[in-house]
Amino acid sequence: MQSILLWDRNNGKLKGKLFLVDLAGSERGNDTKSHNRQRLTESAEINTSLLALKECIRAIDGKSQHVPYRQSKLNLILKDCFVSRYAKTAMIAMLLPGSSSSDHTLNTL
């Protein structure tokens, strides 16, 4: 993860934050069979973060009284993106047009 903070030069106040988070990798079980122990652990951590992020987004979308930000460090870091009315959030996904990649593309979407 990379974060960039934008400060106002005149008054020293924080004007904005930019977080770049890469959640890419082979997270599907079928894709991780040939991976070593470290890669398997990383894949499991990515899946855990993605699941927690999904639950957070669902809670916000459903206007839930409780949003599970504490389920992952990623959610805590991105909390401002969810609660600020001025926040803008974008997700960039890698999609491949080939039929051999259709299952990966659908999983990403």
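Reader: How many residues does H1 have, and what does H1 reach from its first C-alpha to its last?

Author: H1 has 25 residues, and its first and last C-alphas are 36 Å apart, close to the 36 Å expected at 1.5 Å a residue. Keep in mind that this is a predicted model.

Reader: Which residues of H1 are buried?

Author: Start with the general idea. An α-helix has 3.6 residues a turn, so residues three or four places apart point the same way. Now the case here: Ser43, Ile46, Ser49, Ala52, Leu53, Cys56 and Ala59 are the buried ones in H1.

Reader: And what covers the buried residues of H1?

Author: The cover includes H2 and helix H3 (79–83).

Reader: What follows H1?

Author: Lysine 63 does, and its phi is positive, near 55 degrees. Further along, the loop between helix H1 (37–61) and helix H2 (73–77) holds serine 72.

Reader: Is serine 72 buried or exposed?

Author: Buried means under 20% relative accessible area. Serine 72 counts as buried because its relative accessibility is 8%. A polar atom of the serine 72 side chain also lies 3.1 Å from the backbone nitrogen of asparagine 75.

Reader: Where is leucine 18 found, and why is leucine 18 called partly exposed?

Author: Leucine 18 is found in strand S2. Leucine 18 is partly exposed because its relative accessible area is 41%.

Key:
Residues are numbered from 1 along each chain as its sequence is written. This is a predicted model: local features need pLDDT of at least 70, side-chain atom pairs count only at pLDDT 80 or more; totals for chains, interfaces and linings use all residues. Side-chain values use heavy atoms; hydrogens and water are left out. Helices (H or I, at least four residues) and strands (E, at least two) are DSSP runs, numbered from the N terminus. Buried means under 20% relative accessible area, exposed over 50%, partly exposed in between (1.4 Å probe, protein chains only). A polar contact is a pair of N or O atoms within 3.5 Å; within protein, one must be able to donate a hydrogen and the other to accept it, and residues adjacent in sequence count only if both atoms are side-chain atoms. The expected span of a helix is 1.5 Å times one less than its number of residues. Contact means heavy atoms within 4.5 Å.
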